[in-house]
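Take a look at the structure below. This briefing walks through its side chains, topic by topic.

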Amino acid sequence: MVNWSEKKSYNCQDLMEIVRILRHPGGCPWDQEQTHQSIRRNFLEEAYEAAEAIDRDDVEGLKEELGDVLLQVYFHTSLEEDAGRFSLDDVADGVCKKLVYRHPHVFGKVNVRSTEEVLTNWEELKKKEKHQDTQADAVDAVARTLPALWRAEKMKKKAAKAGFDWRDITGALDKLSEEVEELRRAALEREGDPVEELGDVLFAAVCAARFLEADPEEALHAACEKFSARFRRTEELAAQRGWRLNELSDQEQTALWREAKEQLH
């Protein structure tokens with residue numbers, strides 16, 4: 001057992017010390033075996049759980065989930081401290097310098113008149129900081145670990161800053177229709193790779209979402225919720241009539257779906 005005294009209330013320093021104890025001799029065997037790669041998914045899952053607490057407006061849940069995110073930050077930092085590459089202070093130093101650099105209208109002598117100017121300056125300063133000499137560099141720098149819809153949205157926004165964009169949603173919708181037709185030919189007539197064409201359809205849909213000022217992830221989540229409710233009602237309607245969905249024809253399933261849709265509309 002380690003030498004540890006319980007407290008009524010803990011702080012961030014205590015959390016870092018607990019992580020240090022767990023990861024070193026006399027601590028927890030599981031924690032001692034972990035690497036950046038082995039707990040990478042944990043980091044992502046905790047961030048998503050914090051986001052879900054925000055969506056639910058769950059203050060207590062958010063406090064708990066932010067604690068789990070903070071634990072992940074400390075754990076990864078502890079791994080690097082052992083390797084002698086950086087410490088928690090180095091992490092804080094880096095983000096402080098970045099915030100000061102990217103807010104010259106607060107910490108410097110730059111004057112801004114709107115939020116739009118702040119965002120424009122932020123992007124330009126970020127490009128200089130990341131040594132992105134062209135807008136193509138900025139597009140390529142969008143994180144590949146983002147959810148694909150968000151990655152596509154960010155890439156298209158950055159391309160649009162270089163003037164590579166349609167004038168309005170008509171062009172985006174025409175492109176979406178074109179990609180859907182190419183997917184149909186690839187899937188039914190084997191003209192091309194259907195998986196590649198499916199990706200093009202999804203990317204084109206994200207481009208259309210941008211003109212609608214819609215978050216494609218949120219739009220798809222809303223569609224998922226709608227599908228879930230309609231499917232549940234379709235299954236209930238079938239059960240009420242003594243039917244099983246897998247025993248019905250396509251036409252019968254479609255009729256039930258339409259009935260469920262009308263009832264839930």
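Cysteine 224 is partly exposed, with a relative accessible area of 42%. The model is a predicted one. Cysteine 96 is partly exposed too, at a relative accessible area of 45%.

**Cysteines**

- How many disulfides does the count come to? The count comes to zero disulfides.
- Cysteine 96 takes part in no disulfide. Its nearest cysteine sulfur belongs to cysteine 12 and is 14 Å away.

**Aromatic pairs**

- A pair of aromatic rings is described by two things: the distance of the centres and the angle of the planes.
- Searching the whole structure gives three aromatic pairs.
- One of them joins phenylalanine 227 and phenylalanine 231. Their ring centres are 6.0 Å apart, and the planes are at 15° to each other. This pair is stacked, because planes under 30 degrees apart count as stacked.
- Both phenylalanine 227 and phenylalanine 231 sit in helix H12, which covers residues 216-240. They are four residues apart, about one turn of the helix.
- Phenylalanine 227 is partly exposed, at 48% relative accessibility. Phenylalanine 231 is also partly exposed, with a relative accessible area of 37%.
- Phenylalanine 227 has a second ring partner, tryptophan 257. Here the centres are 5.5 Å apart and the planes meet at 35°, so the pair is tilted.
- Phenylalanine 227 belongs to helix H12, while tryptophan 257 belongs to helix H13 (residues 250-264). The pair therefore ties together parts that are 30 residues apart in sequence.
- Is tryptophan 257 buried or partly exposed? Tryptophan 257 counts as partly exposed, at 26% relative accessibility.
- Put together, Phe227, Phe231 and Trp257 are a cluster linked by ring pairs.

**Charges over rings**

- Which residue lies over the face of phenylalanine 75? Arginine 23 does, at 5.8 Å from the ring centre.
- Arginine 210 lies over the face of phenylalanine 211. The distance to that ring centre is 5.1 Å.

**A loop residue**

- Threonine 35 is placed in the loop between helix H2 (29-33) and helix H3 (40-55).
- Threonine 35 is partly exposed, with a relative accessible area of 35%.
- In sequence, threonine 35 and histidine 76 are 41 residues apart. In space, they are 8.0 Å apart, C-alpha to C-alpha.

**A nonpolar surface patch**

- Val2, Trp4, Tyr10, Ile18 and Leu22 make a nonpolar surface patch of about 390 Å².
- Where is leucine 22 found? Leucine 22 is in helix H1, which runs over residues 12-22.
- At 30% relative accessibility, leucine 22 counts as partly exposed.

**Salt bridges**

- The count of salt bridges comes to 22.
- In helix H1, glutamate 17 and arginine 20 are three residues apart, about one turn of the helix. They form a salt bridge, and the closest N and O atoms are 2.7 Å apart.
- Glutamate 17 is partly exposed, at 29% relative accessibility. Arginine 20 is partly exposed, with a relative accessible area of 40%.
- Arginine 41 and glutamate 45 also meet in a salt bridge, at 2.7 Å from N to O. These two are separated by about one helical turn, because they are four residues apart in helix H3.
- Arginine 41 is exposed, with a relative accessible area of 60%. Glutamate 45 is partly exposed, at 34% relative accessibility.
- Glutamate 153 and lysine 157 meet in a salt bridge at 4.0 Å, N to O. They are four residues apart in helix H9 (residues 148-160), so about one helical turn separates them.
- Is glutamate 153 buried or exposed? Glutamate 153 is buried, with a relative accessible area of 13%. Lysine 157 is partly exposed, at a relative accessible area of 41%.
- Glu52, Arg56 and Asp58 are joined in a network of salt bridges.

Terms used. Residues numbered from 1 in each chain as written. Predicted model: local features only at pLDDT ≥ 70, side-chain atom pairs only at ≥ 80, totals over all residues. Heavy atoms only, no water. Disulfide = S-S within 2.5 Å. Buried < 20%, exposed > 50% of the residue type's maximum accessible area, 1.4 Å probe, protein only. Phe/Tyr/Trp six-rings, centres within 6.5 Å; stacked < 30°, edge-to-face > 60°. Lys NZ or Arg CZ within 6 Å of the ring centre and 35° of its normal. Patch = residues over 30% accessible without salt bridge, like charges linked within 9 Å, V, L, I, M, F, W, Y side chains within 5 Å. Areas by Shrake-Rupley, 256 points an atom, 1.4 Å probe, with all protein chains shown as cover. Salt bridge = Lys/Arg side-chain N within 4 Å of Asp/Glu carboxyl O.
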